[in-house]
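I set out below what I looked up, entry by entry.

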Amino acid sequence: MGVIETLLLTTAIAGVVGTGVGGLIGALMQKNSNRTVSLLLSFAGGVMLSVVCFDLIIEAIETNVGLPIVIGSIALGVGIIFLLNHLIDKKTNPEVPHIGPDHPKTADDLDELIHSDHLGQHYSQRDNRFALFIAGIVMACAIALHNVPEGMTIGASYASNNGVMGSAALVLAVLIGLHNIPEGMAVSVPLISGGMGKGKAVLLTACSGIPTIIGALLGYLLGDIGAVGLALSLGFASGAMLYVVFGEIFPQAILMYHSKLPAFFSIIGVLVGLIIIFA
């Protein structure tokens, strides 16, 4: 199997299969445990943070293109993902009844984070097809903003290892697949609750993982064009993931389960990441 084929297969399993499995679990159970999801997200976020900070960013610096380029690409990744998320939130939040002035300024559940609650609201109101289509596009864009950077970290790590699926890329793929399971549950549950058939909801949920593949391809192709491209790819993907971890995953995990446990699971995740990288 070729380099690109291996990369696409790996990220397809992490993205499409991960969210699809989550969607199937959501369809069968139609409920989830905030405690379990919170701790899973905290642990995965900790490992992602460790891999980004102690592997991907270090590799970007070691390309020797200059620290300003690395820092600039990280800042660009943070800024673009934040801005796009802000625009989507500004558009959708006023349309969801439970998100009012007293609501936390960040998502406190997975369905809010990926805006499946927004689509579910339109389904429950039995809105016309055009309104449902627009809400579906919005949700797809919100999911893409999380999955594309996740895929880019795999692709950039793959490129930095000369087209060999190293331990960092494999670990990221496994973690992203695990992270996508509760995310898939958050997609399918409100769709089914809003009246969509279970089979269609699971299929749509699995398709929501496709942006992971696109991100991996972008990360690899950009990282394969030379030292500057590799630094930009590693830096941008790292910045985007830092925003997703600190701006969304950690706050959401704490809001979903009010306890010190998410913090401890995050720290355990960081330590496990160090073991994976340096052991």
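**Notebook entries**

I counted 0 disulfides, taking a disulfide as a pair of cysteine sulfur atoms within 2.5 Å. For Cys 141, I found the closest cysteine sulfur in Cys 207, 15 Å away, which is too far for a bond. Cys 141 is partly exposed because its relative accessible area is 39%; buried means under 20%, exposed over 50%, and partly exposed in between (1.4 Å probe, protein chains only). Cys 53 is partly exposed as well, at 28%.

I noted the basis of these entries: this is a predicted model, in which local features need pLDDT of at least 70 and side-chain atom pairs count only at pLDDT 80 or more, while totals for chains, interfaces and linings use all residues. Residues are numbered from 1 along each chain as its sequence is written, and side-chain values use heavy atoms, with hydrogens and water left out.

I then checked pLDDT, the predictor's confidence in each residue, from 0 to 100. The chain has a mean of 84, and 96% of its residues reach 70 or more. Confidence is lowest in helix H7 (residues 167-193), with a mean of 77, and highest in H3, with 93. Helices here are DSSP runs (H or I, at least four residues), numbered from the N terminus.

In helix H3 (residues 67-92) I located Ile 80, which is partly exposed because its relative accessibility is 33%.

Lastly, I looked up Thr 212 in helix H9 (residues 210-223). Thr 212 counts as buried because its relative accessible area is 0%. Leaving out residues up to four places away in sequence, Thr 212 touches Thr 11, Gly 15, Asn 147, Gly 151, Ile 176 and Asn 180, where contact means heavy atoms within 4.5 Å.

Definitions and conventions: Helix = DSSP H or I, 4+ residues; strand = E, 2+ residues; numbered from the N terminus.
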